[in-house]
Amino acid sequence: MPAAMFAIDLQHLSKSYGPVQAVQDVSLRVPPGELFGLIGPDGAGKTTLFRIMATLLLPDAGTAAVAGHDTRGGMRAIREVVGYMPGRFSLYPDLTVAENLDFFAALFRTTVRANYELIRDIYEPLAPFRDRRAGALSGGMKQKLALCCALIHKPEVLLLDEPTTGVDAVSRQEFWQVLGQLKARGITIMVSTPYMDEAARCERVALLQEGQVLRVDTPAALQAAYPVPLYAVRATGSLYPLLQSLRAYPATRTVYAFGEEAHLSLLPAATAAATTGTAEADLLGYLARAGHAQVQLRGLTPTIEDTFMELLGARPAATAPTAR
Amino acid sequence: MRIVWFLLEKEFHQLRRNRTLLLLLLAPVVQLLVLSNAANYEIRNLNLVVVDQDHSPAARRLVDKFQYTPYFRLVAVRPSVRAAEQDLLRDRADVVLVVPRHFERALVRERRADVQLLVNALNSVKAGLAGSYAASIVQAYQGEARPATVAAVLAGRGGLEVVPAYWYNPRLNYKTFMVPGLIFQIMTLIVMFLATLNIVREKEIGTIEQLNVTPIRKWQFMLGKLLPFWLAGFYQLSVGLLVARLVFQVPLVGSLPLLYAATALYLTVPLGIGLLISASSRTQQQALFVAFFFLIIFVLLSGLFTPIEYMPAWAQALDRLNPLAYIIRIARMVLLKGSTARDIAGPLGALLLLALTVNALAVWRYRKTSG
């Protein structure tokens, strides 16, 4: 078998559950050693893609190859070299930390000791709890243990389905550091997340919506792809009336809530005028007339989430959320 | 095989942690003790109501005969049949004995006399037994009443008496007959339920996903699931036989190695069915309902409570698929009669066929990848 050009090679994958089209003509290629992110809201088809790559699910159409093996013919070979961490905690809650780890090592005909080097950094904080039942661990610890179990056989490809969902901010931070270390060892990592800030830590990301890939690019390129200037607007009082006013403003192109602020872009005519500063003055005047006090307006560097929202809005079929 | 060993180790770790193990160890003993004493075909203390219309010494002696047995307890003497019928209606009486007028005269003159028995047949088993107990008492009474009065006549008559000899259970001890069957009934219940819940539990907690992406083979997985309960089955048989011997004094006539060998084969059938149900279900609840459906049929058609020969033809045909019926037959033959491997070759062959079919289906039905 020739060395695989791509660690993950998905071609025109489609999968439906009854009437629901979970994945629709998805093609992705991930070279070996890349840290690749699948970004998209719940129901975008991320888990379905993972299940196909992990040989748990056969696609209706298209092909998927992982580590050079097709998921139809080469299931057995894939299972030897893939580490999969499902979105839901899937270890034995009634076995201890050590028992879980030993068990999964044994299933891959290896031992914890043989591969301890790979998991040491992740396992060390867990070590004091080695005799505690997995079900009694905190969320962050569970994720660490699950990652250890997925790594215990030195996989070539690591598939992580929303590993940081429901995990506290500090643990998330640590988790991404660990992924960086694993990547440095040459492991290909496919990770999904609903958090846009985590997307920036991937080398490349695919934006998914309703089973389709909207765009694949580096986080920097995605940020740069935002086509027009972007503003953050805030005022005293609740955000909702401000959003309503901005939506009614004739020059508004897009506006949506982003944390406690509104992200706003203006129509091209207004944008052109913005260079002279009149557009901003006009907007501030409008908001003041609409009764909003202490309005602050500042220019923004778009984030991936802004690009994502932009792409959603550009799609005619998508139910583009202008406010969340 | 090493992988299977690790699977086993894991299953035992889990068994040790939850209370399943307690159930596995204690349930068979408790159930055998309770069921053997409860599923009693000997009926004692039947409530007897007497209507004596003859008021003769002979009638009184007959009533005394009833009272001296452990089977009947005289609860009332009524002046009329109508009053006694009220007792039947209100469930105060199981049997009403009506001694008609001129009972003694008929007994002396015609050497035979009739009495009337009214039996409450709400429970047909009880009614049948009450009827036959009463009939045998009356018969015995007539037998001894005769010599005193008409001995000469009787001597000239060519009497033919049938004396049954009950082979393999000479005293018709119902426990001798029930306990071997109960051992297997209880074993089947426990083992099949546990096997049923096992895979589907891994589905519910999601661990099956994690297992399915490992290189573990289907047969290894199934074997790892089957073996712990297979071993549990042997434990249950051993404890069951001990209780049978020590508590119920059931004679263990036949070859125990043969019975264990038959059990080894038999256990793979309910286990295979359990795994098949488990592999086809999404939730434990679903799996339990299906398992329950099969178990009820297995138990009721097993021949444990009703002889298979009494069942309608369609039920007997259905019983060809009932593993419990085969093993209960084997257990009774081997334990009570000392049957050899050759004697039980028929049911053994049937079990082998069932085992192969069910387990092939289970392995086929369990998918590591879904479509």
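Predicted model: local features only at pLDDT ≥ 70, side-chain atom pairs only at ≥ 80, totals over all residues.
## Annotated segments of chain B

For "transmembrane region", an unreviewed UniProt entry lists residues 177-200, 226-246, 258-277, 289-308 and 344-364 of chain B.

Over residues 258-277 of chain B, the chain is 100% helix and 0% strand, with 30 Å between the end C-alpha atoms. Residues 344-364 of chain B come out at 95% helix and 0% strand, and there the end C-alpha atoms are 30 Å apart.

## Where the two chains meet

Now to the interface. On one side, 30 residues of chain A are in contact with 28 residues of chain B. About 2,800 Å² is buried between chain A and chain B, and carbon and sulfur atoms give 57% of that area. Within chain A, the residues that lose the most area to chain B are A:Arg79, A:Tyr92 and A:Leu107, which together account for 22% of what that side buries.

## Polar and charged links

Between chain A and chain B the count is 3 salt bridges. A:Asp94 forms a salt bridge with B:Arg201, where the closest N and O atoms are 3.3 Å apart. Polar contacts across the interface of chain A and chain B come to 12 residue pairs, both residues being at pLDDT 80 or more.

## What chain A brings

Helix 2 (75-81) and helix 3 (97-107) of chain A are the elements giving two or more residues to the side that touches chain B. Helix 3 of chain A gives the most, with 5 residues. Sorted by class, this side of chain A has 17 nonpolar, 3 polar and 10 charged residues.

Key:
Residues numbered from 1 in each chain as written. Chains lettered and ligands numbered in written order. Heavy atoms only, no water. Contact = heavy atoms within 4.5 Å. Buried area = accessible area lost by both parts, 1.4 Å probe. Salt bridge = Lys/Arg side-chain N within 4 Å of Asp/Glu carboxyl O. Polar contact = N/O pair within 3.5 Å; in protein donor to acceptor, adjacent residues only side chain to side chain. Helix = DSSP H or I, 4+ residues; strand = E, 2+ residues; numbered from the N terminus. Nonpolar A, V, L, I, M, F, W, Y, C, P; charged D, E, K, R; others polar. UniProt positions renumbered as here; feature names shortened; annotations may be inferred.
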